[in-house]
Each structure stands twice: as C-alpha cells, then as structure tokens.
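Look over the sequence and the model first.

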Amino acid sequence: MAVTKTPRAWQRMLSGRRLDLLDPSALDVELADIAHGLARVARWNGQTRGDHAFSVAQHSLIVETIFCRLNALASPDDMLMALLHDAPEYVIGDMISPFKAVVGGGYKLVEKRLEAAVHLRFALPPHPSKDLKDRIKKADTVAAYFEATELAGFSMAEAQKFFGLPRGITKDMFEIEPVPALEAQGRFMTRFEAIETLRKAKP
C-alpha cells in the first residue's frame, strides 16, 4: 500500500522560524524575515528600469509616505498597517494583478491568513477596517502610477487610464530610484522602528 505524503506547507526563514502557509502563527513572524524577504521581491515582475530590482520593501516605504501625506491625522497604528500592507509577499511573492485575477480566491485566502498573523505579531488588528484599507489602497494606487511612469515603461496616458491621475502628490516627495536590496531592507527596518517609537509614545 502506497504511503501518501502530506505536501510540505511551511517555509523555513533565515531566522530559523518555520512559517506554515496554511495556518500561519504570529509566533513565527519576525521583522527581520519580513524586511529581508520584501527587499528581495521585485515589483512589476522585475520589468523595471535601473541597476537594481525595484523591491516591495521600497514600494512599501513609498506607499506609507504617500499615505501619511494624504492622511495628516493618521495614527501610528495606521502608519504601520500602511507600511505592512504588502507584508504577506515576503512569503508568497508579488503576484501581478492580472495573474491574481486568473488564480482567483485561493491566493486571497492565503494572503489574508498571512496578513492576520503579521498584524497580530505586532499588536495590530488582524485586518484594517474597510475605511483604512480604502485609504491605504489609494496611496498604493498613487505609488503604482509613479512606478509605472518612472520605472515600468508606461506612458502617462496609459498609467492614468489604469491608476488615475495623482492629486497633491509629486514624485519629489519620495525616492523612487531602485536601491540595492540591503539598503531597501535597512530603510524598511528603520522606518518600522520609527513608527514603533511613535506607537509606544502615544497616550
């Protein structure tokens, strides 16, 4: 009788943690693993200009910057959820939107479980409220417009069709030139710690 092996559903991280994709635990989530992974995942499937891949870590920093510009009264918790909005991609990679549409709901289910584990690890609600999610998505879309036109070869007209025309945000407000992975990793961790300091200081 053949023995059926259960497929391995966990990934070993450099920290030594084993993160179960089907049932991720907040206890197995480490900031160092998130920063390391996101700094080495390329946005736009790597189809961007420059000597380095434009990483999800760098994208996350831009989104959080734009989010703060658009939401002057954002709380430190809001800022952290904006910074971590793509955190599940340190495990599952950055799947471009057209492919997500093909894959369907299974991808979203895994993504939501990972989001909850990451948020719980850092004492955040498992998922952002609908209002906060919409505001983060707006910042994400603005970032995508600039990434598309500055890095991914889109014309302004084409980018405007897909992402809309940003208002009140200009490209001089953030650094979009791709940086080496170690630099993106360091910047991500530095910004995380700065937000954590704000969270600890709140009354």
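The report below covers the aromatic contacts.

## Basis

This is a predicted model: local features need pLDDT of at least 70, side-chain atom pairs count only at pLDDT 80 or more, and totals for chains, interfaces and linings use all residues. Residues are numbered from 1 along each chain as its sequence is written, and side-chain values use heavy atoms, without hydrogens and water.

## Aromatic pairs

The structure has eight aromatic pairs. Rings of Phe, Tyr and Trp (its six-membered ring) pair if their centres lie within 6.5 Å; planes under 30 degrees apart are stacked, over 60 edge-to-face, the rest tilted.

## W44 and F154

W44 is in the loop between α1 (31–38) and α2 (56–70). F154 is in the loop between α7 (130–150) and α8 (156–163), 110 residues apart from W44. Helices are DSSP runs (H or I, at least four residues), numbered from the N terminus.

W44 counts as buried because its relative accessibility is 18%. F154, at 22%, counts as partly exposed. Buried means under 20% relative accessible area, exposed over 50%, partly exposed in between (1.4 Å probe, protein chains only). W44, F154, F162 and F163 form one aromatic cluster.

## F122 and F192

F122 and F192 are also an edge-to-face pair: 4.9 Å centre to centre, 65° between the planes. F122 lies in the loop between α6 (105–121) and α7, and F192 in helix α9 (residues 181–201), so the pair ties together parts 70 residues apart in sequence. F122 is buried at 7% relative accessible area. F192 is buried at 3%.

Definitions and conventions
Helices (H or I, at least four residues) and strands (E, at least two) are DSSP runs, numbered from the N terminus.
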